[in-house]
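Here's a quick briefing to read with the model open beside you.

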Protein chains: 6
Amino acid sequence: MASRRFAGYQFFNLTVPSQHVIHVEINRPQKLNAFYGPMWFELKDIFAKLSVDSEIRCIILSGAGDRAFTAGLDVEDAAKPDNTISASGFADPSRKATVLRRHIVELQEAISTVARCEKPVVALMHGYAYGLGIDLSSACDIRFCTADTKFCVKEVDIGLAADVGTLSRLPKVVGGVTSWVKEVCLSARPFSAQEAQHNNFVSRVVAGGKAELMQEGLDFANYLASKSPVAVQGTKNILDAAWGRTVEDNLNYTAVWNQAMLQSTDVQRAILSGLQKKSPTFEKL
Amino acid sequence: MASRRFAGYQFFNLTVPSQHVIHVEINRPQKLNAFYGPMWFELKDIFAKLSVDSEIRCIILSGAGDRAFTAGLDVEDAAKPDNTISASGFADPSRKATVLRRHIVELQEAISTVARCEKPVVALMHGYAYGLGIDLSSACDIRFCTADTKFCVKEVDIGLAADVGTLSRLPKVVGGVTSWVKEVCLSARPFSAQEAQHNNFVSRVVAGGKAELMQEGLDFANYLASKSPVAVQGTKNILDAAWGRTVEDNLNYTAVWNQAMLQSTDVQRAILSGLQKKSPTFEKL
Amino acid sequence: MASRRFAGYQFFNLTVPSQHVIHVEINRPQKLNAFYGPMWFELKDIFAKLSVDSEIRCIILSGAGDRAFTAGLDVEDAAKPDNTISASGFADPSRKATVLRRHIVELQEAISTVARCEKPVVALMHGYAYGLGIDLSSACDIRFCTADTKFCVKEVDIGLAADVGTLSRLPKVVGGVTSWVKEVCLSARPFSAQEAQHNNFVSRVVAGGKAELMQEGLDFANYLASKSPVAVQGTKNILDAAWGRTVEDNLNYTAVWNQAMLQSTDVQRAILSGLQKKSPTFEKL
Amino acid sequence: MASRRFAGYQFFNLTVPSQHVIHVEINRPQKLNAFYGPMWFELKDIFAKLSVDSEIRCIILSGAGDRAFTAGLDVEDAAKPDNTISASGFADPSRKATVLRRHIVELQEAISTVARCEKPVVALMHGYAYGLGIDLSSACDIRFCTADTKFCVKEVDIGLAADVGTLSRLPKVVGGVTSWVKEVCLSARPFSAQEAQHNNFVSRVVAGGKAELMQEGLDFANYLASKSPVAVQGTKNILDAAWGRTVEDNLNYTAVWNQAMLQSTDVQRAILSGLQKKSPTFEKL
Amino acid sequence: MASRRFAGYQFFNLTVPSQHVIHVEINRPQKLNAFYGPMWFELKDIFAKLSVDSEIRCIILSGAGDRAFTAGLDVEDAAKPDNTISASGFADPSRKATVLRRHIVELQEAISTVARCEKPVVALMHGYAYGLGIDLSSACDIRFCTADTKFCVKEVDIGLAADVGTLSRLPKVVGGVTSWVKEVCLSARPFSAQEAQHNNFVSRVVAGGKAELMQEGLDFANYLASKSPVAVQGTKNILDAAWGRTVEDNLNYTAVWNQAMLQSTDVQRAILSGLQKKSPTFEKL
Amino acid sequence: MASRRFAGYQFFNLTVPSQHVIHVEINRPQKLNAFYGPMWFELKDIFAKLSVDSEIRCIILSGAGDRAFTAGLDVEDAAKPDNTISASGFADPSRKATVLRRHIVELQEAISTVARCEKPVVALMHGYAYGLGIDLSSACDIRFCTADTKFCVKEVDIGLAADVGTLSRLPKVVGGVTSWVKEVCLSARPFSAQEAQHNNFVSRVVAGGKAELMQEGLDFANYLASKSPVAVQGTKNILDAAWGRTVEDNLNYTAVWNQAMLQSTDVQRAILSGLQKKSPTFEKL
């Protein structure tokens with residue numbers, strides 16, 4: 001079911017497959033869903049809005065078409081003469097540097113808007129998930145994929161260190177700067193769904209094709225959406241606050257968070273429903 | 001062998017199965033070892049004492065009965081009208097918040113007393129290890145379980161974000177905020193022993209039943225207890241200091257720790273015993 | 001091909017098996033490549049030089065002989081009466097502590113020189129990789145091993161907490177302070193190649209013997225050496241900066257790093273070569 | 001000189017008193033420049049634009065009229081029934097909490113936009129600088145005031161802990177959580193310009209009235225604007241990165257920053273001008 | 001007015017000079033209020049209780065008698081043969097180290113209980129404030145003194161680095177590791193009230209003698225006690241969280257704190273009273 | 001008294017004016033003690049050696065001649081064509097960046113060697129203390145100066161952000177990123193001894209000329225040298241560890257440090273001497 005509320009994006013389809021769940025689909029299949037200029041702004045705008053949309057409890061993110069989640073940056077577009085790098089118009093390296101830094105931060109902000117989204121985001125990947133596909137899915141909370149997904153931290157192959165999120169978030173989402181993280185990031189060699197699962201990048205490799213992946217993703221999203229949104233979104237917030245901080249810090253943060261949230265009517269509803277073996281319903285958040 | 005020194009607890013059995021090893025058993029089997037009020041204080045008191053007991057070199061922690069390590073919080077008790085949340089007696093949310101925060105910190109402190117215990121603690125889990133069972137075992141150093149153990153980060157199901165330690169310690173003990181951590185914490189879906197091992201939560205799934213688990217746990221505890229307590233307890237201290245800190249920070253901390261500890265007579269004894277192929281004995285610590 | 005530039009070390013062989021790749025071989029096979037006094041200084045000196053050697057793009061590190069990567073510290077040497085610990089000549093524990101701390105920091109610095117090396121370092125391990133073998137390989141970026149490698153965090157067996165890097169770097173390179181990390185570090189029990197791979201310490205267990213390992217390591221090194229050194233070495237720098245820091249911190253660091261590095265001619269060369277399906281060549285770095 | 005580029009704001013006057021310097025004036029003098037709803041958005045928008053405006057090298061910020069820099073939050077407006085707090089429309093404290101948190105973060109973001117502005121910002125204060133006046137000027141780089149300025153961390157007087165920046169930034173800008181910081185923040189007692197200078201909140205108390213303050217502020221801004229913008233803005237960036245971080249961290253950050261910025265043509269120009277005793281000119285940034 | 005609730009301490013007098021204010025007096029004047037064994041436990045117990053006493057809104061802390069706030073550690077007692085250091089009964093330095101560390105942590109915990117007290121604590125110092133007097137008053141929020149107070153970071157004179165708080169808290173409460181902090185901490189030279197004020201250790205030097213100090217301290221405490229306790233105690237909590245953390249971290253913490261606290265009825269009461277020029281009253285906290 | 005042990009430096013005079021005290025004099029007075037190439041290596045070498053010299057307990061650092069502590073970087077030398085910046089020989093900005101970063105880190109390391117020196121270092125400044133003079137003296141523990149000393153954070157005037165330490169250490173040693181720190185660092189305006197003292201950069205402005213300064217510095221150094229070196233050097237180590245860390249972190253670090261150091265014979269000697277009103281002597285460290 002398409003919703004008028006979510007219309008108006010050129011490169012993303014937004015649909016509402018079931019109550020409280022929204023499906024964000026990257027929609028540039030003829031280019032393997034590769035990203036260029038205007039798509040970044042749409043991405044940021046979408047997730048900024050969904051973050052505070054009180055009807056939404058879970059977001060699933062996938063790529064349109066049969067061939068790719070996303071092939072990453074649109075390199076042909078990036079190679080055009082009017083691109084930021086080439087077109088900076090400054091001979092002086094320090095001024096070029098300033099233009100470049102502002103540009104990187106702008107792209108990082110788009111990806112960080114996904115990571116900061118208050119609602120849980122589940123990436124459902126198939127086909128190519130290259131370059132930016134890793135940056136983007138690393139900013140999601142949960143990652144599922146089909147068995148034939150091909151992953152690659154591709155940036156070294158275009159002469160640069162990945163700079164919009166992969167190097168900062170991959171150690172967080174697979175656990176540490178492991179031998180495998182270094183191997184795939186330094187070499188830009190592709191890796192399979194099985195390897196992605198063994199190394200904790202995805203938590204499920206769904207048997208079958210894209211249709212089965214989408215169904216399993218939707219089922220999981222519905223399951224999340226049936227839970228207390230106060231509990232689910234609070235859990236996301238606290239888990240994200242854990243990285244790069246000591247346990248003591250995070251325990252205190254958790255207590256401060258919950259001094260408000262334990263006053264929720266959701267707690268009584270959930271406990272009562274549990275004792276009565278009923279399904280609770282929760283107010284919007 | 002029960003020891004008089006460790007008698008007097010209502011909800012925990014403390015026994016000394018072999019030299020330098022103590023067995024702490026959660027003992028409320030008729031309620032699946034679920035926790036309520038007074039048990040928290042006993043737990044804190046026990047681990048505060050064991051931490052500085054110079055006879056003890058390793059602690060094993062398990063649940064009494066056939067059915068559970070612990071089913072978690074005693075929800076029926078939590079639902080009673082005189083519970084902290086319901087009974088705070090304040091209409092004003094800021095004052096309720098203060099009462100709740102103090103209460104959370106108090107419970108966190110009980111679990112943190114396990115985590116701060118100077119001696120290594122091995123959790124031996126069977127049956128249900130739900131909710132608080134994850135908080136508690138995440139505060140232990142090492143986790144073994146039987147093949148039929150059922151785990152669940154249950155808190156979302158009672159309308160709240162887990163607040164006495166799981167969200168702070170699980171990323172530390174499995175390595176990062178992985179897709180799987182988010183999946184099980186946001187959804188409160190149960191997971192198996194096999195899944196717990198694949199995702200590095202437990203390091204051993206013991207074949208057989210609870211008896212085999214207890215034996216393997218005891219064998220391992222005896223093995224630890226045969227080593228230099230200065231070396232073992234120092235290793236625990238330094239490893240725990242590593243999380244949330246840079247490598248450089250921790251290297252310096254390690255050097256400062258060992259400027260005292262390398263003066264130990266254990267070093268000479270251990271090296272000499274090694275060269276002579278003998279078993280060393282070490283003074284109490 | 002041996003290079004005169006890299007001659008003159010007593011305990012290490014340095015050879016250049018292919019362009020931009022250097023092979024550092026620990027060369028004291030009669031003692032299972034165990035370390036003692038002068039070797040530390042050579043190790044530090046070698047990696048300090050290679051770090052800024054513009055001809056080098058990848059380093060492989062292995063142990064000479066059939067039996068060991070390294071058996072660790074030369075305990076017989078450490079037990080001699082003129083060793084730092086025994087020979088400190090101070091009765092006063094605070095003065096002994098100062099001598100010990102300076103000594104530990106000196107050894108840590110040797111290992112940290114490997115970790116800080118600007119070029120990627122691949123450890124290729126066979127036979128014994130005990131004690132210092134873990135400290136040393138944890139400071140490398142990537143770890144491969146043969147199927148019959150035997151690992152051990154051995155320090156507890158000589159009465160001390162590992163202090164030259166293992167306890168600080170192992171949680172970083174396997175992801176967190178897992179049950180398994182605590183198990184092997186507290187107990188000093190040996191573990192196999194398979195266990196090392198399951199727990200993300202090595203990313204490849206190479207079938208066959210040492211020869212096959214060396215070949216696969218060299219192939220991988222050649223692959224890395226064919227990539228843009230600006231991209232590869234930048235990726236290493238940023239990934240290492242991620243540990244113990246928040247994602248936001250590291251994103252900003254990445255942007256500041258790349259404000260200079262995106263001005264590299266490597267970017268144009270790599271993109272152009274990609275579009276033309278050619279192999280790019282890059283200037284030395 | 002008013003500039004068309006900077007027209008169109010209802011509550012702020014933007015003028016360009018001299019080359020590379022812009023004057024931002026809070027312009028609601030009939031209400032002592034107190035802030036309410038729409039002003040926050042204008043503030044954020046202005047500083048987001050100035051941050052990347054290549055013509056601007058220094059910003060001075062003051063309040064219109066004779067009586068106040070700003071009296072702070074417009075409390076009468078905040079007391080209206082349609083205000084966020086009162087009008088949240090939720091009975092459930094956890095949902096109210098979510099609405100409030102989002103609102104606080106939005107206001108914090110407006111102030112943080114001033115703090116993150118790439119150009120140096122000099123606050124010129126006279127009359128009342130109460131409540132928000134401290135939050136706002138703490139986000140500036142440099143603070144001057146007239147001798148009769150009256151300061152107050154007013155928030156405790158309206159029943160809350162200051163939440164849009166004062167408590168986070170005041171310890172940074174006066175140096176630590178001193179006895180004086182606690183005294184004025186806990187008590188909400190007003191303090192004088194002299195006290196502000198003794199405690200390092202302002203670096204200059206200008207003799208005379210508002211006119212003299214504005215002139216001294218403009219002279220200083222012109223002085224800053226005559227320097228290399230690469231050097232000035234880099235210095236601001238690095239100094240701000242120092243707080244809450246170790247010296248080692250910041251040294252590394254500084255080296256990474258300057259690996260790009262030392263390639264600036266400003267360095268040659270500045271050195272050459274210095275040797276030739278001439279005034280250098282610098283390209284826009 | 002002495003309160004029965006606060007009776008029963010041997011070394012501290014607790015009185016309630018006015019509503020919501022409690023006076024804690026160190027009461028061993030014949031020994032210049034020097035600390036030894038049992039006093040630490042009383043100190044910890046008192047502040048743990050006051051922290052959560054809903055009748056108390058401000059604490060003033062002073063020393064009994066004319067001569068001293070406190071002369072610090074009772075060195076004669078520390079020199080006795082049954083003292084922890086001398087009496088550890090271990091020849092082995094690593095075991096002695098363990099006993100010493102536990103002892104230090106225990107004393108640190110007593111001082112930290114003062115620092116963690118939820119209510120604001122004002123230290124009122126006269127005469128000698130030596131050694132422990134600095135540790136203890138640094139853990140208070142606000143420090144006033146008479147003009148003839150003599151301060152000294154005395155520990156170097158007894159052969160040790162201050163270890164129960166001064167070296168950790170002094171840089172926080174005076175702002176950084178200034179030249180003066182190093183000068184007085186490394187040399188153990190005494191310093192005057194004037195020097196303490198110039199260097200931001202005390203915020204007021206009260207003219208007159210101890211009586212005037214006590215009156216000014218009580219007036220200030222009454223002033224604090226008239227404010228919203230939700231606002232005052234929240235301000236303390238957030239300011240203390242600022243040290244050693246980035247501004248961004250603390251802003252987020254502040255927002256999470258206030259999502260609960262802005263729901264306080266104190267906000268409406270305070271704002272309304274302000275508009276009506278009345279004195280508000282607030283519920284206990 | 002010149003000591004043979006300390007001979008052999010071209011740009012520094014090392015003398016031993018009294019027992020346990022060494023005087024390091026920057027000795028290039030004809031160039032106002034400005035720094036260029038070889039001086040950095042000597043500086044690093046000197047402080048690395050003094051750090052572990054067991055005869056030395058305090059270091060005083062000053063500039064030769066009447067006119068300057070140091071005028072900073074030798075700009076004429078820096079402007080020569082064979083300087084690192086000009087002579088990097090790379091057209092590619094990313095490769096230039098790498099050369100520059102390595103060079104900055106090398107210079108930072110020289111200054112950091114002063115900061116990491118285990119012995120206390122007192123900077124005695126007169127005349128010009130410009131640019132590098134601030135970097136260098138900020139790395140010392142304590143700063144005294146004559147009344148006519150002229151200070152300047154000069155780097156902005158040569159087109160760059162100070163990169164060898166000032167921006168990282170000045171906020172630490174004056175307390176925070178105050179309005180004054182920003183004012184003098186962004187503008188490169190000179191400041192006086194009085195201003196340096198008001199803003200806590202120096203702790204003493206000595207009346208009279210250079211001779212009086214040197215005498216007061218030496219008196220203070222002798223005073224420090226009479227104290228327990230275990231206590232003095234431990235105090236320095238712990239204070240330096242406090243910056244950028246939480247109080248809790250540093251308290252734990254302090255306890256771990258003192259578990260070794262409290263075993264010092266200095267403690268007994270110092271306490272006993274204190275009780276007997278005698279002057280203690282301490283073993284070398």
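Strand S1 (residues 12-18) of chain C runs antiparallel to S2(C), and five bridges join the two. Strands here are DSSP runs of type E with at least two residues, helices are H or I runs of at least four, and both are numbered from the N terminus. Two strands count as paired if DSSP finds at least two bridges between them.

This is a predicted model, in which local features need pLDDT of at least 70 and side-chain atom pairs count only at pLDDT 80 or more, while totals for chains, interfaces and linings use all residues. Residues are numbered from 1 along each chain as its sequence is written, and chains are lettered from A and ligands numbered from 1 in the order in which they are written.

**Around S2 of chain C**

- S1(C) and S2(C) make a hairpin with two residues between them, and His20(C) in the turn has a positive phi of about 75°.
- Across that pairing, Leu14(C) sits opposite Val24(C) in S2(C).
- S2(C) also pairs with strand S3 (residues 58-63) of chain C, this time in the parallel sense over six bridges. There, Val24(C) has Leu61(C) as its bridge partner.

**How covered is S2?**

- Strand S2 (residues 21-26) of chain C is mostly covered, with six of its six residues buried. A residue is buried if 20 or more other C-beta atoms (placed from the backbone) lie within 10 Å of its own, exposed if 12 or fewer do, and partly exposed in between.
- In a regular strand the side chains alternate between the two faces of the sheet.
- Both faces of S2(C) are covered: Val21(C), His23(C) and Glu25(C) are buried on one side, and Ile22(C), Val24(C) and Ile26(C) on the other.

**A four-strand sheet in chain C**

- Four strands line up as S4-S6-S8-S9 (chain C) in an open sheet with mixed pairing.
- Its edges are strand S4 (68-70) and strand S9 (191-192) of chain C, each of which pairs on one side only.
- Strand S6 (residues 128-130) of chain C runs parallel to strand S8 (residues 150-152) of chain C, joined by three bridges. Ala129(C) has Phe151(C) as its bridge partner in S8(C).

**Where chain C meets chain A**

- 53 residues of chain C are in contact with 43 residues of chain A. In contact means that the C-beta atoms of two residues, placed from the backbone, lie within 7 Å.
- H10(C) gives the most to the side of chain C that touches chain A, with 11 residues.
- That side of chain C has 28 nonpolar, 16 polar and nine charged residues. Ala, Val, Leu, Ile, Met, Phe, Trp, Tyr, Cys and Pro count as nonpolar, Asp, Glu, Lys and Arg as charged, and the others, Gly among them, as polar.
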